Amino acid sequence: MATIGNMLKRSFSTNVAKHAIQNVTIIGGGLMGSGIAQVTAQAGQSVTLVDVSNEILKKSETAIQTSIARVAKKLHKDDPTAAKQLSEGVLSRIKYVHDTEKSVENADLIIEAIIENIEIKHKLFKVLDQAAPKNTLFASNTSSLSIAEIASVTKRKDKFGGLHFFNPVPVMKLLEVIRIPETSDETYNSMMAWGKSIGKTCITCKDTPGFVVNRLLVPYIAEAVRMLERGDASAEDIDIAMKLGAGYPMGPLELADYTGLDTGVFILEGWHKKFPDNPLFKPVELQKKLVEQGKLGRKSGEGFYKYSK
């Protein structure tokens, strides 16, 4: 007689099989979108990368080609023929297109990786909801907006979840899988299985601001900026303290410069507007002033530190 455990395992396998993901459409050809496209193609799946900008798509294609060549050379350093075959195989599985509606006709999974603007995301998902097959799963790569709020404009909330990757996607192993109350078990299981199929370590989180990583990281960085603002310690000493005292590979102010001071301000202001009584979400004046001065961190050449070009 079959045990309950075996029955549950078979049920899980059957549900995942129903949504075995092989065709993935990624909307947004920026840094995150191109990274997601690369790891998905490396896992043997067909990828369609969509962006309205031809320039961005060309940059994405070049970046993916360079990254894949590096991976192939590392894996087959003594066999140039094998390295070439690997590169060509991965690149052949990625299509670059402009037409959003046509790009989703055969999609098993659509991942949105566009600008962090709720109105623009709503406009996109309204189009996708009409154009995509009824069984297609929807996901957002947002790092700061509510998955439930993004999903609210669709008629498939049971097939909606969050898939939050980290930059650089080909290197960072973590994938946060976010489920809203309406997300079905079948959808959640399929997303978890897909994340593992592309080599990620998946964790689950509810639809809470910042999920796990950013909910801890953004207030931590903000408190480091407040320490600097108060004159408690220098930027260098704050960073050294956390690297040598807590074993972190990068100090909080170095990390803020790396991720972009404007990104931190944007996230905090969004959370503060939605949760004004939470002191952890209060924007920091010093960081806002630096952003107003165009000092965004590494990408602008100066933030809490100066960087040579």
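Where is the place of N214 in this protein? The place of N214 is in helix 9, which covers residues 213–230. Hello everyone, let me show you around.

First, some ground rules. This is a predicted model, where local features need pLDDT of at least 70 and side-chain atom pairs count only at pLDDT 80 or more, while totals for chains, interfaces and linings use all residues. Residues are numbered from 1 along each chain as its sequence is written, and side-chain values use heavy atoms, with hydrogens and water left out.

Now the whole protein. There are 13 helices and eight strands; helices (H or I, at least four residues) and strands (E, at least two) are DSSP runs, numbered from the N terminus. How does the radius of gyration agree with that of a compact globule, and what is its value? With 309 residues, a compact globule would have a radius near 19 Å, and the protein has 21 Å, which agrees. That radius is taken over C-alpha atoms, and the globule rule is 2.2 Å times the number of residues to the power 0.38. Along the principal axes, the C-alpha atoms fill a box of roughly 65 × 50 × 45 Å.

Of the 309 residues, 43% count as buried. Buried means under 20% relative accessible area, exposed means over 50%, and partly exposed is in between, using a 1.4 Å probe and protein chains only. As for contacts, meaning heavy atoms within 4.5 Å, take those between residues at least 6 apart in sequence: 65% of them join residues at least 24 apart.

Let's zoom in on H164. This histidine lies in strand 6, residues 160–164. H164 counts as buried because its relative accessible area is 4%. Leaving out residues up to four places away in sequence, H164 touches N141, T142, S143, L174, L175, E176, F211 and N214. With E176 there is also a polar contact, side chain to side chain, at 2.8 Å. A polar contact is a pair of N or O atoms within 3.5 Å; within protein, one must be able to donate a hydrogen and the other to accept it, and residues adjacent in sequence count only if both atoms are side-chain atoms. H164 and V177 are 13 residues apart in sequence and 6.6 Å apart in space, C-alpha to C-alpha.

Two partners of H164 deserve a visit. N214, our opening residue, is buried, with a relative accessible area of 12%. Besides H164, N214 touches S143, P219 and W271, again not counting residues up to four places away in sequence. F211 counts as buried, at 3% relative accessibility, and has a positive phi of about 55 degrees although it is not a glycine.

Here is another backbone detail. Which peptide bond is cis, with omega near 0 degrees? The one from N167 to P168 is cis, and P168 sits in the loop between strand 6 and strand 7 (174–179).

N117 is in the loop between strand 4 (109–112) and helix 6 (118–131). N117 is partly exposed, with a relative accessible area of 26%, and its side chain reaches the backbone nitrogen of I120 at 3.0 Å. S67, in helix 3 (residues 54–75), is buried at 12% relative accessible area. Leaving aside neighbours within four places in sequence, S67 is in contact with Q38 and P170.
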